[in-house]
Amino acid sequence: MTAAELLGAAQHVLDGTVGYVDKRVQFGRTIGSFQAVKHRLVDLLAAVELTRSAVYGAAWRLTDDPGSPGTDIDLAVAAVLSRQTALAVTKAAVQLHGGIAITWEHWAHRYLRRANSTVALTGSPSAWRQRLADLIDRRDGYGV
């Protein structure tokens, strides 16, 4: 459930950021028309879509075969990707919004704090990567 929540937050923040860069004008052009901004947003979109596939796959596996070792592996993959993506998208949103997003009142800053606190409370991506490695080793018979 935490992975799905982080995925939803990342998608919402990405949508809001795309809307902002489409309207914000700098040097007579919207900042979304600059190639560097476009590339950054596409990278974030790719991360969100990869995370979506992992979260949906883990949810499907959980309902289909909750007791299998593959389910735990899929859940760990979703946990890693959702945490990485939520942190990356919220940090990028603050940067792409500029100085306004640093304020405590701006929605991008609140999502950044929420992503950081959720990751702090539920485990970092590196902790989940270690769990994933342990699950794969156990499945493959290493370290038993």
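When I say contact, I mean heavy atoms within 4.5 Å. Keep in mind that this is a predicted model.

Start with Leu 14. Which residues does Leu 14 touch, leaving aside its neighbours within four places in sequence? They are Leu 41, Leu 44, Leu 45, Val 48 and Val 89.

Now the core. The largest nonpolar core has 24 residues. Leu 14 is among those that touch the most other members, together with Val 21, Leu 41, Leu 44, Val 48, Ala 78 and Val 89. Helices H1 (2-23), H2 (35-64), H3 (69-97) and H4 (107-122) each give two or more residues to this core. There is also a second, separate core of five residues. It includes Ala 86, Leu 87, Ala 115 and Val 119.

Next, the helix pair H3 and H4. Their axes are 9 Å apart, and the packing angle is about 155 degrees. Over 145 counts as roughly antiparallel, so H3 and H4 are roughly antiparallel to each other. The crossing of H3 and H4 is left-handed.

Who meets whom? On the H3 side, the residues include Arg 83, Ala 86, Leu 87, Thr 90 and His 97. On the H4 side, they include Trp 107, Tyr 111, Leu 112, Ala 115 and Val 119. The residues of this contact divide into ten nonpolar, five polar and two charged.

Last, Gln 130. It is found in helix H5, residues 125-140. The C-alpha atoms of Gln 130 and Val 119 are separated by 15 Å. Those two residues are eleven apart along the chain.

Note on methods
Residues are numbered from 1 along each chain as its sequence is written. This is a predicted model: local features need pLDDT of at least 70, side-chain atom pairs count only at pLDDT 80 or more; totals for chains, interfaces and linings use all residues. Side-chain values use heavy atoms; hydrogens and water are left out. Helices (H or I, at least four residues) and strands (E, at least two) are DSSP runs, numbered from the N terminus. A nonpolar core is a set of buried Ala, Val, Leu, Ile, Met, Phe, Trp, Tyr and Cys residues joined through side-chain atoms within 4.5 Å. Buried means under 20% relative accessible area, exposed over 50%, partly exposed in between (1.4 Å probe, protein chains only). Axes are lines fitted to C-alpha atoms, for helices over the stretch in contact, and angles run from 0 to 180 degrees between N-to-C directions. Angles under 35 degrees count as roughly parallel, over 145 as roughly antiparallel, 65 to 115 as roughly perpendicular and the rest as oblique. A crossing is left-handed if the near helix is turned anticlockwise from the far one by less than a right angle, and right-handed if clockwise. Ala, Val, Leu, Ile, Met, Phe, Trp, Tyr, Cys and Pro count as nonpolar, Asp, Glu, Lys and Arg as charged, and the others, Gly among them, as polar.
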